[in-house]
Amino acid sequence: MGCDGSVLLNDTPNFIGEKTAFPNIGSIRGFEVVDEIKAAVDKACKRPVVSCADILAIAARDSVSILGGPHYWYRVLLGRRDARNASRDAANTNLPPPFFSFSQLLSNFQSHGLDLKDLIALSGAHTIGFAQCSAFRNRIYNDTNIDPNFASTLQRTCHKNGGDNKLASLDATPTRFDTAYYTALMNKKGLLHSDQELFKGDCSESDSLVKLYSKNPFAFARDFKASMIKMGNINVVSSHSQKDRKHVGKETMLIM
């Protein structure tokens with residue numbers, strides 16, 4: 001499991017893919033947009049020549065720079081090949097869920113060759129988007145390191161029972177890539193338990209990085225870009241003997 005586009009694969013009779021893994025289900029979406037990009041690139045190139053994995057990596061970069069500004073743009077290393085299978089079990093093992101503690105998060109990142117700075121910087125991607133009630137219900141009713149007014153506001157729409165699919169923004173500016181996420185953590189307003197674990201007010205190295213990024217968007221942009229490039233090189237398939245997928249969601253119809 002790495003940067004090989006495996007998350008795009010639909011289930012087949014041979015495997016259950018990553019889309020229904022616990023950290024992904026009901027969360028990742030927009031697959032049709034990647035399909036449209038793939039079709040447009042293939043049309044422009046006259047044939048399928050760019051892998052789904054590379055398209056996904058470029059789309060992530062472009063989304064960040066569009067929503068955050070040109071200082072979030074970075075050069076994407078290309079040449080990835082596409083995975084031909086996927087595993088829900090592997091995704092459940094490798095992707096950190098929203099209830100992880102700080103030590104579990106750090107251990108998870110370190111198991112993939114990433115470090116503390118990568119953890120704090122990459123978590124800043126939670127400056128855009130939303131989470132479902134089921135992902136933060138336990139936090140707003142049971143956590144103690146949470147602003148009481150913030151919890152109370154969320155409880156009005158996310159009840160103790162039912163309404164699992166109701167959404168709340170991950171920070172105050174869910175359509176802008178900025179540092180509001182880190183400011184929220186400093187105010188005990190991290191939406192997910194795993195988010196707030198990054199800042200506990202104990203003067204740790206993690207706290208220091210959160211403070212730095214909240215006050216210095218250029219430091220965040222610098223470190224986020226470096227960590228994205230680093231993460232984008234995890235378990236890359238680049239062998240020319242591997243084939244790329246013609247369709248992002250299918251492991252069949254492969255091309256040379």
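The dialogue below goes through some features of this predicted model and the reasoning behind the words used for them.

Visitor: What makes Ser208 buried, exposed or partly exposed?

Guide: Ser208, which lies in helix α10, has a relative accessible area of 44%. Buried would require a value under 20% and exposed a value over 50%, and therefore Ser208 is described as partly exposed. The C-alpha atoms of Ser208 and Leu198 are separated by 10.0 Å, the two residues being 10 places apart along the chain.

Visitor: How do you know which helix lies against α10, and how is that pair described?

Guide: Two packed helices are described by the angle between their axes and by the distance between those axes. For α10 (residues 205-215) and α11 (residues 217-231), the axes come within 5 Å and cross at roughly 115 degrees. The contact is made by Leu212, Tyr213 and Lys215 on the α10 side, and by Pro217, Ala219, Phe220 and Asp223 on the α11 side. Sorted by class, this contact has 5 nonpolar, no polar and 2 charged residues.

Visitor: What makes a set of residues a nonpolar core, and how many residues has the largest one?

Guide: The residues must be buried and of nonpolar kinds, and they must be joined through side-chain atoms within 4.5 Å. The largest such core has 29 residues, and those with the most contacts inside it are Leu119, Ile120, Tyr182 and Leu198. Two or more residues each come from α2 (52-68), α4 (102-110), α5 (116-123), α8 (180-186), α10 and α11, with the largest share, 5 residues, supplied by α5. Apart from this core lies another, of 13 residues, among them Cys133, Phe136, Phe150 and Leu154. In soluble globular proteins, nonpolar side chains tend to be buried together.

Visitor: Which residues is Ile120 in contact with, beyond its neighbours in sequence?

Guide: With neighbours within four places set aside, Ile120 is in contact with Tyr182, Leu198, Ser206, Leu209, Val210 and Tyr213.

Visitor: What is the volume of the second largest pocket, and which residues lie nearest its centre?

Guide: The second largest pocket has a volume of about 280 Å³. Its lining has 15 residues, of which Phe150, Leu154, Ser169, Asp171 and Ala172 lie nearest the centre. At least two lining residues each are supplied by α7 (148-155), β2 (167-169) and α8, and by class the lining has 9 nonpolar, 4 polar and 2 charged residues.

Note on methods
Residues numbered from 1 in each chain as written. Predicted model: local features only at pLDDT ≥ 70, side-chain atom pairs only at ≥ 80, totals over all residues. Heavy atoms only, no water. Axes fitted to C-alpha atoms, helices over the stretch in contact; angles between N-to-C directions. Helix = DSSP H or I, 4+ residues; strand = E, 2+ residues; numbered from the N terminus. Contact = heavy atoms within 4.5 Å. Nonpolar A, V, L, I, M, F, W, Y, C, P; charged D, E, K, R; others polar. Buried < 20%, exposed > 50% of the residue type's maximum accessible area, 1.4 Å probe, protein only. 1 Å grid on protein atoms, 1.4 Å probe; cavity = no way out; pocket = protein on both sides within 12 Å on 5 of 7 lines; lining within 4 Å. Points joined across faces, edges and corners; volume = space filled by probe spheres on them.
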